[in-house]
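Here's a quick briefing to read alongside the model. Have a look at the picture, then work through the topics below.

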Amino acid sequence: MTVTRAVDILRTRWYVTVPVAFVLAGVLVPLGYLFVRALQADPQTLWDLVVRWRNLRLLGNTIGLAIGVLGVTTLIAFPLAWLTTRTDLPGRGVLTLLGVLPLAVPGYVMAYVLLATTGTYGTLAQTLGLVWPRLSGYSGALLALSLCTYPYLFLNLRTALLGVDPALEESARALGYSRWQVFWRVVLPQLRPGFLAGGLLVGLHVLGDFGVVSLMRFETFSYALYLQYAASYDRIYAACLALMLLALTVAVLFLEARLLRGLLLHRTGSGTARRSVPLQLRAGRWIGYAFGGGVALLSVGLPVGTVGYWMADRVASGLPWASLGSSLWASVSASVPAAGLAALLATPIAYLGVRYQSRWTQTIERVAYLGYATPPLAFALALIVFTLGVVPFGYQTLGLLVTAYALHFMAEAIGPIRSALYQAPPNLEEAARSLGRSPMGAFASVTFPLMRRGLLVSVAFVFLSAMKELPITFLLAPVGFETLALNTWSYAEEAMFGEAAPYALTIMFFSACFVGLLLIREQTATGQRTEAA
Amino acid sequence: MSEPLLSVQHLTKRFGPDAPPVVHDVSFDVGGGPSAEIFAVLGPSGCGKTTTLRCIAGFEHATEGTVVVQGRTMAGPDVHVPPEQRGVGIVFQDYALFPHLTVLENVAFGLREGTSAEQTARAREALEMVGLDSFEERRPQHLSGGQQQRVALARTLAPEPDLILLDEPFSNLDALLREETRQEVRQLLKDKGISAVLVTHDQEEALSFADRLAVMRSGQLDQVGTPEDVYYRPRTLFVAQFLGRTNLLLSQASGREADTPLGRVRLDREADGTVLVSLRPEHLTIAAPETVDGPMGTIVDRAFKGHDITYLVSCENNEYLVHTDNRELYEAGDTVALQPLEPAVVLERKSTPADVPSGVTPEPSEP
Amino acid sequence: MSRFFRLFSVLFLGVVLLGCGGGEPDELVIYSGRSKALVDSLVSMYQEKADVPVRVKYGSDAQLLAALQEEGDQSPADVYWANTTGALGNAVNNDLLVELPDSVANTPARFVPSNQQWTPVTTRFRVLAYNSDQIDPEDLPESVRDLPKNRDLEGRVGWTPSYSSFQDFVTAMRVTQGADATRSWLQGMQNLNPNSYTSNTPMIRALAAGEIDVALTNHYYVLRLKHGGAEGEYEGDEEEEEEHEEEEEEQTRASAPVETYRFSEGDLGNLALVTGAGVLQTSDQSAAAQRFLQFLLSEQAQSFAANRVNEYPVVSGTEVPQYMVPVDSALGLSPEFELERLQEMDPTLDLLRDVGLL
């Protein structure tokens with residue numbers, strides 16, 4: 001029944017239609033490009049390339065890594081989310097911030113750092129005499145990726161935990177279940193949508209990652225794909241591999257949708273004002289600190305410390321202030337608008353999906369996720385072709401880069417906006433309309449302010465990803481436009497870690513400031529809601 | 001009779017071209033008289049009453065039929081005036097107060113004319129009207145249910161709409177508060193001269209709150225009339241049952257009289273053949289067996305309510321419910337004579353299943 | 001309307017406005033497959049000297065080649081500067097480059113392709129890097145072809161099958177020894193269970209970290225590890241040299257001792273390869289582009305390459321630092337090989353795929 005209403009909305013409201021059309025085009029153009037290129041392949045060579053054992057091994061490696069990372073991130077994110085939402089642990093706010101900060105650490109930096117830390121000549125051995133076998137292969141990729149991606153899961157689980165109605169837990173307790181049983185049987189099932197949303201981002205991140213797996217020498221699909229582009233100058237067979245990777249992603253999206261089916265409908269309309277009574281940790285608090293501290297040390301302290309150490313070497317000969325400043329400006333001037341644009345585009349898509357839930361609107365949402373999964377190199381090449389063909393004056397402009405970032409990272413923005421929309425039940429908008437507001441006016445004055453928290457998280461996610469982005473930046477940035485990430489990578493690639501360090505540190509520091517700012521806003525937002533409760 | 005304030009004609013609503021209608025050919029007028037009118041749409045949940053309300057408010061597009069407010073067609077063939085231009089206020093079941101705004105800001109939300117000082121002043125007035133002027137800086141989630149309800153009302157009334165729609169506005173209040181609030185709101189609407197359409201599943205609420213009411217079942221209106229009319233002269237079995245408990249009698253009618261299990265009974269209108277008739281418990285009385293010659297029954301149960309007494313009387317394998325004043329005092333097991341006080345109401349045949357047993361109906365079920 | 005909403009609109013407008021800024025028409029646009037770390041100083045030197053605005057787009061050889069192909073005749077690029085002969089050959093095959101005038105093509109002392117569509121800029125040599133704590137160079141074979149026979153190296157070898165220099169080396173082997181011999185060499189190497197790296201930097205770090213004991217690489221990676229390589233501005237004064245040496249000591253203490261091994265004279269394992277640059281057909285200022293190529297071949301730029309990047313000059317008369325093997329002896333170790341034949345990449349890639357390396 002909602003299909004017709006969704007179609008109605010699309011027909012009558014340009015401010016929904018235009019972004020949706022834009023997103024669909026932005027995602028489908030690269031897909032079309034890949035098909036066109038793949039069709040240029042010589043069928044026999046294509047067949048030989050696609051049907052071979054190596055691909056099966058790559059598939060196994062990719063899936064194995066994705067499952068492993070999901071497992072490890074769950075082990076990290078779950079206790080951390082619980083500690084920061086359900087206990088009286090002092091310093092929960094700081095712990096929350098530390099749990100988000102790894103998003104500011106580029107994956108390749110994390111990989112370089114882990115490589116430099118372990119091994120006979122690693123920092124661990126140098127400073128503590130602790131010889132840990134040098135990380136590489138599966139274990140290395142697993143650790144580096146887990147440390148970089150667990151915040152996606154952490155934040156989603158946190159929101160989910162805060163959203164569970166304490167009355168449910170209390171009634172279960174009253175029915176004679178222990179705290180542990182209640183957690184297992186009442187709380188856990190309700191965390192599933194949040195877990196799936198976070199898990200999806202983690203999974204897609206692993207599927208698409210190249211930086212970490214190449215440095216850790218673990219062969220996954222995206223790694224093979226990169227080799228096709230890099231080693232053989234071959235756009236055509238790379239396109240075939242990209243399509244295979246996309247097929248894998250579609251399978252993941254499909255699986256997630258299946259697991260999610262019916263779960264979201266159970267979410268209650270408005271957020272509960274009441275929070276559950278926090279568990280008093282007492283002596284257990286030291287275990288909490290040890291865990292939280294350990295995670296923070298590994299995921300934030302280690303990279304910052306190591307990169308700082310690299311930089312210390314260089315401080316004497318002076319820092320390249322001018323270049324740092326201009327690349328910081330470049331990074332920010334591309335990432336901030338991209339984050340805003342992504343949130344702006346994701347809002348109508350999430351809105352359609354939440355308010356007019358149907359197969360159609362869900363498909364639109366899933367399509368938006370495909371942009372995230374399209375290999376960035378292919379994505380960028382497709383945009384080159386498209387831009388030059390359709391809007392040549394837009395080529396080599398910041399606008400194109402911003403658009404590309406926004407389309408590519410929009411999937412990260414959809415989730416938080418979705419959950420935020422659940423906080424604003426539809427009849428609030430109807431009330432506003434019966435009080436004389438236009439549809440847009442009702443959205444702007446009622447739903448938008450209520451979604452603010454979700455929007456902030458969306459903006460943060462996209463901003464942080466855009467700050468670290470490499471392949472799209474390489475190909476689509478205006479000539480001479482050098483971001484922090486680009487500089488970091490350029491120097492690190494030539495083993496000039498001392499030169500790379502200031503840029504890497506700037507990324508991390510600036511991203512951390514940004515996240516900190518957002519978190520402060522989030523705290524005040526929740527504070528207002530719960531103050532007198 | 002002047003032009004009605006609200007006229008709904010042949011309203012039909014389907015969700016999807018092949019779906020069965022949720023609202024089917026519904027017609028009624030509100031506020032045709034000299035003073036404001038409160039109209040209630042009563043029906044079990046899922047009967048389409050809220051959809052009807054949403055069509056009037058403009059949140060749903062009517063599939064067929066017209067909605068006319070003060071002579072202006074709001075919905076009709078190729079016409080759909082958006083909700084914000086209808087000048088119709090609505091109070092939702094869960095009040096839909098904006099959690100990010102204070103009480104005063106909520107009430108001022110719909111005021112868009114004049115300076116902001118004037119808007120604030122008018123919002124204060126509206127708050128005073130509902131007696132919440134001391135709460136204006138609070139957030140709605142920090143108010144009790146009854147207070148929230150009154151804020152919602154103030155918010156709806158502040159822009160002075162011609163008509164307000166009330167979607168089960170009292171159902172989230174506890175019983176005691178509900179009755180009190182109901183009376184207050186009714187008084188307020190009457191004082192202000194504002195017409196309203198109330199949607200509810202609570203027959204007591206509809207009967208006591210509305211000037212006129214419509215009973216809705218499966219998307220159609222069974223009967224429209226004054227509360228007394230609908231209560232004492234239900235047209236269908238459904239209406240008879242939904243508005244309270246009643247005694248059903250499967251009878252053989254000829255003219256204005258019928259043979260019923262309780263003997264020969266007068267009818268409210270002429271009928272012939274097998275008919276189902278209804279007698280409200282208060283239209284039946286009992287007397288000592290020796291004083292009257294009527295059908296005899298045995299008291300099965302009684303409930304003393306102070307001002308009156310309800311007896312359950314068994315007679316020829318059927319049970320009947322009788323409300324009497326507290327002067328008729330009997331114990332369970334006593335034999336009594338049953339005696340109708342008023343003519344029985346003939347129920348429309350089309351909605352009378354053949355195998356309805358005679359006797360008292362169960363409590364109207366809460367949805 | 002909410003303040004937030006307005007903020008968003010402003011942001012969006014900002015994006016649109018920023019998007020309208022295009023590039024200046026008279027600036028020189030270089031697509032550089034060489035990384036910024038190696039190019040930046042040279043470019044600023046040139047900008048200062050020639051007073052021409054230069055903008056560089058960085059990427060890998062292949063990324064930029066793909067971009068150039070997708071851009072077609074709308075490409076804004078003037079110069080393509082690549083790390084490898086393979087990439088340049090590919091550009092030639094795809095008809096992207098123009099023929100250079102003799103004034104440019106005659107400057108380098110060697111390695112200029114007969115089609116004159118690009119010019120070599122620097123030379124590098126394939127070498128075997130080793131950990132001198134673990135390996136006695138006496139035990140290493142005379143020829144790279146015999147490396148697989150060294151069974152005690154099993155699990156201790158590093159290589160970069162996907163890296164262009166390595167692929168150039170395989171192409172050279174295939175051209176000179178034949179496909180079958182090359183296949184069995186690759187398979188023999190695979191029997192040593194080598195560690196595959198995507199690029200040389202992490203491989204050298206792995207060597208320094210003791211993860212592997214020998215690595216097939218290019219000569220300058222070892223030198224950069226030991227001597228610092230390109231850092232800061234080019235000044236070329238003696239003082240800084242000393243500082244580097246201090247640093248070198250500090251760095252070597254934190255890692256395994258890495259040394260360079262060269263195979264016997266004329267062996268493929270010592271193959272010389274070149275980086276190069278060409279002028280693109282899409283360039284609307286080919287004269288300026290040629291001037292830039294000429295600058296790359298100037299004494300100043302060549303000397304910078306030698307001193308900062310530790311690559312060998314292609315013009316005669318440029319000195320290399322003391323710690324580098326002199327140009328002539330390095331060239332003498334390399335086999336005679338016509339670099340243009342490195343353009344035949346496809347059979348090599350098939351071979352690599354065949355043995356499961358790609």
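Predicted model: local features only at pLDDT ≥ 70, side-chain atom pairs only at ≥ 80, totals over all residues.

Which domains does the assignment give for chain B? Chain B gets domain 1 (6–87 + 161–232) and domain 2 (245–360), with bounds that come from an automatic or database domain assignment. Residues are numbered from 1 along each chain as its sequence is written, while chains are lettered from A and ligands numbered from 1 in the order in which they are written.

**How the chains meet**

- Chains B and C don't touch, and 12 Å separates their nearest C-alpha atoms.
- Where chain B meets chain A, the contact takes 21 residues from chain B and 18 residues from chain A.
- On chain B's side of that contact, strand 7 of chain B gives the largest share, with 3 residues; helices (H or I, at least four residues) and strands (E, at least two) are DSSP runs, numbered from the N terminus.
- Sorted by class, the side of chain B that touches chain A has 13 nonpolar, 6 polar and 2 charged residues. Here Ala, Val, Leu, Ile, Met, Phe, Trp, Tyr, Cys and Pro count as nonpolar, Asp, Glu, Lys and Arg as charged, and the others, Gly among them, as polar.

**The strands in chain B**

- Strand 8 (residues 163–167) of chain B is largely enclosed by the rest of the structure, because 5 of its 5 residues are buried. A residue is buried if 20 or more other C-beta atoms lie within 10 Å of its own, exposed if 12 or fewer, and partly exposed in between, with C-beta atoms placed from the backbone.
- Both faces of strand 8 of chain B are covered: one side has Leu163(B), Leu165(B) and Asp167(B), the other has Ile164(B) and Leu166(B), and all are buried.
- Strand 7 of chain B runs parallel to strand 8 of chain B, joined by 4 bridges; strands pair if DSSP finds at least two bridges between them. Ile90(B) has Leu165(B) as its bridge partner in strand 8 of chain B.
- Strand 8 of chain B also pairs with strand 9 (residues 195–200) of chain B, in the parallel sense over 5 bridges. In strand 9 of chain B, Val199(B) is the bridge partner of Asp167(B).
- From strand 8 of chain B, the chain crosses through helix 5 (residues 175–192) of chain B to strand 9 of chain B in a right-handed β-α-β crossover. Right-handed is the term if, with the strands pointing away from the viewer, the path from the first strand over the helix to the second runs clockwise.

**Core and domains**

- The largest nonpolar core has 388 residues, and Ala342(A), Met410(A), Val197(B) and Tyr80(C) touch the most other members. A nonpolar core is a set of buried Ala, Val, Leu, Ile, Met, Phe, Trp, Tyr and Cys residues joined through C-beta atoms within 7 Å.
- Not counting residues up to four places away in sequence, the residues that Val197(B) touches include Leu6(B), Phe39(B), Leu165(B) and Leu166(B).
- In chain B, the C-alpha centres of domain 1 and domain 2 lie 34 Å apart.
- Chain C is assigned domain 1 (28–123 + 273–324) and domain 2 (124–271 + 340–354). The contact takes 27 residues from domain 1 of chain C and 19 residues from domain 2 of chain C.
- Helix 9 (residues 219–227) of chain C is largely enclosed by the rest of the structure, because 8 of its 9 residues are buried. Among them are His219(C), Tyr221(C) and Leu225(C).

**Spots to pick out in chain B**

- Asp78(B) sits in the loop between strand 5 (72–76) and strand 6 (79–80) of chain B. Its phi is near 65°, a positive value in a residue other than glycine, and Asp78(B) counts as exposed because it has 4 C-beta neighbours inside 10 Å.
- Ala96(B) has a positive phi too, near 50°, but counts as buried, with 26 C-beta neighbours inside 10 Å.
- Pro362(B) is exposed, with 7 other C-beta atoms within 10 Å. Pro362(B) and Arg245(B) are 117 residues apart in sequence but 6.4 Å apart in space, C-alpha to C-alpha.

How values were computed
Contact = placed C-beta atoms within 7 Å.
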